[in-house]
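Please consult the sequence and the 3D model shown here.

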Amino acid sequence: MRRIIIGITGASGSLYGYMALQALRAIGGVETHLVLTSAARRTIELETDMTAEDFESLADVAHPDDDLAAAISSGSFITDGMLVVPCSMKSASAIAYSINSNLLVRAADVCLKEKRRLVLVIRETPLHLGHLRTLALLAEIGAVILPPVPAMYANPASVDDIIAHTVGKALDQFGIANELFKRWRSP
């Protein structure tokens, strides 16, 4: 069985993380380890009618963000990598500079040091030069930067369609087959 860590930060767009968890559960064959930051818990409360527990119920294992002794904090705990969705610039900066003050950042740092896939769905706009330099550094050290950019060729009919496109593209980065979005075909 495959094993993927899902990190959700306080950036706007917690529904991206929720849909990723739903999709992985529906696809099957992937053990999910979830870590929500305290800011993510607040954002979920502000942006949705759900609770953090609703998100946690979709994961196989939910880890408290302050538990730096959790399995996912060690390189000896084998995973296929980590998807941080959405990823705030605060968390991206902490990951870029290995400021391991919480479990989400530590787990991402482990993925980088162990050369495992780390996909960051960055949620910020516009980006200033400091953001761009941080994202460039992350790409240089091995992270995949995957901002939630909608594909209009798919003629999305809803917000869910737009979210599904990003989640599907993120799962593609792990080689997880999915049919979450309409793929481009020659006209």
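The model is predicted: local features require pLDDT of at least 70 and side-chain atom pairs pLDDT 80 or more, whereas totals for chains, interfaces and linings use all residues. Residues are numbered from 1 along each chain as its sequence is written, and side-chain values use heavy atoms, without hydrogens and water.

A nonpolar core is a set of buried Ala, Val, Leu, Ile, Met, Phe, Trp, Tyr and Cys residues joined through side-chain atoms within 4.5 Å; buried means under 20% relative accessible area (1.4 Å probe, protein chains only). The largest such core has 33 residues, of which I6, F55 and L83 touch the most other members.

Helix α1 supplies the largest share, seven residues. Beyond its neighbours within four places in sequence, F55 is in contact (heavy atoms within 4.5 Å) with residues including I8, Y18, L34 and M50.

Helix α5 (residues 103-113) is largely enclosed by the rest of the structure, because nine of its 11 residues are buried. Among them are L104, A108, D109 and C111. The buried residues of α5 pack against β1, β2, β3 (61-63), β4, α4 (89-96) and β5. After α5 comes K115, with a positive phi near 60 degrees.

Methods: Buried means under 20% relative accessible area, exposed over 50%, partly exposed in between (1.4 Å probe, protein chains only). Helices (H or I, at least four residues) and strands (E, at least two) are DSSP runs, numbered from the N terminus.
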